[in-house]
Protein chains: 4
Amino acid sequence: MIIVMAPGAKQEEIDYVLSRLGERGYQHHISRGVERTLIGAIGAHEGEKEALAEQLMLLPGVDRVVPILRPYKLVSQEHAVEPSVVRIGGVPFGRKHVAVISGPCAVENEKQMLEAAVAAKRAGAAVLRGGAYKPRTSPYAFQGLGEAGLEMLAAAREATGLPFLTEIMDVRQVEAVEAVADGIQVGARNMQNYDLLREVGAAKKPVVLKRGFAATVQEWLRAAEYVAAAGNLDVILCERGIRTFETETRFTFDLAGMAAAKLETHLPIIADPSHATGNHKLVPPMALAALAGGADGLMVEMHPHPDRALSDGPQSLTPKRLLGLMDQVRNLCLALGLELAVPE
Amino acid sequence: MIIVMAPGAKQEEIDYVLSRLGERGYQHHISRGVERTLIGAIGAHEGEKEALAEQLMLLPGVDRVVPILRPYKLVSQEHAVEPSVVRIGGVPFGRKHVAVISGPCAVENEKQMLEAAVAAKRAGAAVLRGGAYKPRTSPYAFQGLGEAGLEMLAAAREATGLPFLTEIMDVRQVEAVEAVADGIQVGARNMQNYDLLREVGAAKKPVVLKRGFAATVQEWLRAAEYVAAAGNLDVILCERGIRTFETETRFTFDLAGMAAAKLETHLPIIADPSHATGNHKLVPPMALAALAGGADGLMVEMHPHPDRALSDGPQSLTPKRLLGLMDQVRNLCLALGLELAVPE
Amino acid sequence: MIIVMAPGAKQEEIDYVLSRLGERGYQHHISRGVERTLIGAIGAHEGEKEALAEQLMLLPGVDRVVPILRPYKLVSQEHAVEPSVVRIGGVPFGRKHVAVISGPCAVENEKQMLEAAVAAKRAGAAVLRGGAYKPRTSPYAFQGLGEAGLEMLAAAREATGLPFLTEIMDVRQVEAVEAVADGIQVGARNMQNYDLLREVGAAKKPVVLKRGFAATVQEWLRAAEYVAAAGNLDVILCERGIRTFETETRFTFDLAGMAAAKLETHLPIIADPSHATGNHKLVPPMALAALAGGADGLMVEMHPHPDRALSDGPQSLTPKRLLGLMDQVRNLCLALGLELAVPE
Amino acid sequence: MIIVMAPGAKQEEIDYVLSRLGERGYQHHISRGVERTLIGAIGAHEGEKEALAEQLMLLPGVDRVVPILRPYKLVSQEHAVEPSVVRIGGVPFGRKHVAVISGPCAVENEKQMLEAAVAAKRAGAAVLRGGAYKPRTSPYAFQGLGEAGLEMLAAAREATGLPFLTEIMDVRQVEAVEAVADGIQVGARNMQNYDLLREVGAAKKPVVLKRGFAATVQEWLRAAEYVAAAGNLDVILCERGIRTFETETRFTFDLAGMAAAKLETHLPIIADPSHATGNHKLVPPMALAALAGGADGLMVEMHPHPDRALSDGPQSLTPKRLLGLMDQVRNLCLALGLELAVPE
């Protein structure tokens, strides 16, 4: 970090800063200009940097403290020689490998889930999705089927051969989901549920980490660092829209944020145009935009009968619309030199 | 809800909407205008209203669906004849009763917590705060002392007689915290952690529910409804700033959002100018602004030595600054006709 | 509009609403449900709808007033049988015709502008851009060359045959710019400068209307309606990012907002990834994303020597990087079935 | 500014940065640490600092450039020994002097304006407001009476003795408004209309500069610097809400932003709870909050008959509600030690 002293800071104020740095075992180098003194400081303890910066900021004679290093390590580009490939049940994401994850918002019953799985496979999606545990803004709304939903997902996998991904919301669900699912999703509302991050970090399945809708790119990467620091480097990030003043779409799809994150991390990043826009008419153009903008895959909601869906109907594609979108996706991948995973 | 049909909607399209309403047991009344037909619908099942509205939106001939009712009940003003008073360890909040909650961001050690508690009492704060479990954006930062921290809070209570409030982050912490604390805080990052809301809803202690920094007032009230629906109506809401484009302050303190929430709910609402601004210089004016704007209490961070704090030093008042602020608070409460709780 | 009466509204309150509607010449139809009465109202005067809705909202017994119609006409899809094509100096935008507009942020001198123009043409851009009048956040920064800048733009057009577009900031500049430029740009900071919108609405040149960085899609379309209502339907909308909490990019590029606007209007919409991201590394992926997401063209900043640019260097492509991007653009247009305009 | 070199930057890269600094006449001091080299640079030309910083950022071996100085001078606290007092027609704002500005959103006719003026005076407002030129989002809405409106404002001043303030939107209106009004308001939508800022900077009347609803505190102060740099230091800033995701209020009232601005500038800052909230029920609590939070005055909309208002009815107080609010304001000013201007 750089400690910028105020103009006219006294020598004793500078000395006190140096003594505080010394206490914590930091090395320093000083630069005295005409108006200001700068102190560069390097220290070993990753975990206390921010607290120390905040403390120094309050000392007399200090104008400000400027951090230099990004506050994550394992997920940063410096940590890997090339972009990572992460697999969900064998399907690769990253390093020019892309795939489409599709299925309903919520698992509603066996028939619906199976119908959706067959339609997803026919269209060319390589991974299934479906929620067994649902985060709902109203306590009176449908809250998901729980473990029964997990069984229906497993049955759909059995029938189609497609691996599946499902969301967890609570540390107590990790064990059951890890046992059966091919991938674990952490939803936007839980991106900063740190206990949950630590638990999925200890799991043996890949994690899809959705960006919190009020999370900066930096916070998103730090959340991924939590998972990685707990031992799980199989993390796929997922951009799904941020909350802004615009209400014409449900959230604001931040593709430039996704591209900026890709400048920082070696992890694959996929995009979810369904939650981002909340409107099935906007899903196809935004799915294509995401791929052209560098996404390593897509998550797209599809329901056999959106006008009967228990949640998120307005943003769900019909099986027919998914077929049409997948034709465009194949065409685009060809033009962009991307390898699209196909269902086995 | 009102279903607004598109201009030129066919009779069969209108009939289909009516049949879908009939399926779900909704009553309807129709209004045929020159250009459009409106269908008013009333139904009994609170939980399915939103899903049904989403489904109807997708039907042919439907232009839009307009909800009429607010999606919460127990926390709404209609549910209570007058504003509620909620007590933390005997200290009342609401209906012209206000109190100040103060203490450090994190419990760091026994000496620090005790020093803070004594200073809080001397200044006139009626409730203590201190974090034993800490949500931190970096996995490498100080994560709190856990149960040892709870014991230090209890010791500080013993020494000063002040009740205390502390945050939980994980369903597994509810039991330990409920057993010892006088109030349970749900932090901003967990406002939509629905499993946690249900658990504190089953607890026998009052809950301070912080507004998520990307949560609308409506979502905040719905989160409170989760706690209430699980059986706990002793909820105090806490405004602590929302995330916006402005970076001069850490968050944007939304006092008008607090006042708007008070038009909707009977629950008391307090304000936390420390987290909202992130700058101790802004805490005193914003504390006074909150009270003048209708807050039922304040939560203010104070640390015996902010320049040694392990977290949130820049926004912490020193004991001396808290003394100065409390003088102003007493003066203002007098002018506004508010009854300020004093430590026993 | 629909006037939703409160439960238990009295007949005299309903009658007063009807009398107010009658005063303004509105027709109405009433629907009496079990709990509520709805009043549908249709009136003739476009200009007073909003004021009337605001007035009715304040009447006793009224719960809320719900507008039905979108508040713009000339720019809406209903106003045109198919998407419009707008030409800047002969170069078409819209209905599958796309083109790239390129050049420096500011015209700095004759040599720089000429160099930029030659490089733009070589890369395959069909229209030039360059600012003669510059909006700058600091009064001490370079404010543009004014009319001398316009002459340099004209000279660059002379040398390359490319038409040019330039921004106006003040009603007093309209005449000079209209006389010489092929297109007039209204910048984001002036999107709601209504006097300026009226003046460019009276001009005989096409207008590129950038979205204000805090403007909703609806406000953007209303701003276009100002220009159209003043007589100029040759409007190209331009998405250039909105202001949000994310700081990793300069603004948040709202491609879904662009796609949502295209569901509403027949006007062509282009995208400016340079201002949206503020980072030249993000310009190529976001340029491709915009085209795949349905943009009718691109505006991309390029400077012969970004590290000598008087403004916006960090977001400017070098001529070489523009060449690379244009190769990708040509490839993508082929795959998407778009007709890319080439310089003559 | 501080130029932070990347780890492992070569000597020739450092030398090139130094040569570029030398070119522009900047002094520098170098600090070589174990991992990084820092270059502190001080230069004379205020106007080119940002462009130079942007250029240096692009040079090889440079990691980042950190600005040190705030980009405004005349309006900063360093420029004045104590807070400024600015007078509108003799009524002082600043340094513990506060006053209330009230009146309708738009001047509608002579009778309405006179009624409003008499009511404002009776309640205790010291300055009148009323719009003759109106910025409206729809081209079909009432656009104001123009010069006839100015005459009605002058007549209302004649009748009551209260000075008045009115908004300009276009450089062509400056002369007429300056000739008759006691104060000139620049609205939120024009805060970055730099030509307009320069023109009011050359006027001889005090300027009330509203914060743009997407402007940071820093941009707001820079806009004030534009007016000051053009020669007019009689500037009163006005907080009126910023645009965020929250829709329960029309804008988000940023009182902490106001307080943060007061840490930076010597100019007085007033607050407008009417535009900020858009709801007359929220105006009284937010007016009081603003004063308790340090506002140097209030701007409050009042209309003799809000349910007949041609604009902004829902946020306008009735004369009776203004009377009630002014009682609370007087009481609060007494408690806070503020001197409230009374009408003569």
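## Sheet of chain D

Two strands count as paired if DSSP finds at least two bridges between them. On that basis, this predicted model has in chain D an open sheet of 4 strands, ordered 2-3-1-4, with antiparallel pairing. Strand 2 (27–32) and strand 4 (62–66) of chain D form the edges, each pairing on one side only. Direction ignored, neighbouring strands of the sheet are turned by 20 degrees against each other on average.

The pairing of strand 1 (residues 2–5) with strand 4 of chain D is antiparallel and comprises 4 bridges. Within strand 4 of chain D, Val66(D) is the bridge partner of Ile2(D).

## Helices on the sheet

Two helices of chain D can be described against this sheet. Helix 1 (residues 11–23) of chain D packs on the sheet and touches strand 1, strand 2, strand 3 (37–42) and strand 4 of chain D. The direction of helix 1 makes about 5 degrees with that of strand 3 of chain D.

Helix 2 (residues 49–57) of chain D also packs on the sheet, where it touches strand 1 and strand 4 of chain D. Its direction makes about 165 degrees with that of strand 4 of chain D.

## Contact between chains A and C

Between chains A and C, 35 residues of chain A are in contact with 35 residues of chain C. On the chain A side, at least two residues each are supplied by helix 7 (217–229), helix 8 (255–264), helix 9 (273–277), helix 10 (283–292) and helix 11 (319–336).

By class, the side of chain A that touches chain C consists of 20 nonpolar, 11 polar and 4 charged residues.

Notes
Residues are numbered from 1 along each chain as its sequence is written. Chains are lettered from A and ligands numbered from 1 in the order in which they are written. This is a predicted model: local features need pLDDT of at least 70, side-chain atom pairs count only at pLDDT 80 or more; totals for chains, interfaces and linings use all residues. Axes are lines fitted to C-alpha atoms, for helices over the stretch in contact, and angles run from 0 to 180 degrees between N-to-C directions. Two residues are in contact if their C-beta atoms, placed from the backbone, lie within 7 Å. Ala, Val, Leu, Ile, Met, Phe, Trp, Tyr, Cys and Pro count as nonpolar, Asp, Glu, Lys and Arg as charged, and the others, Gly among them, as polar.
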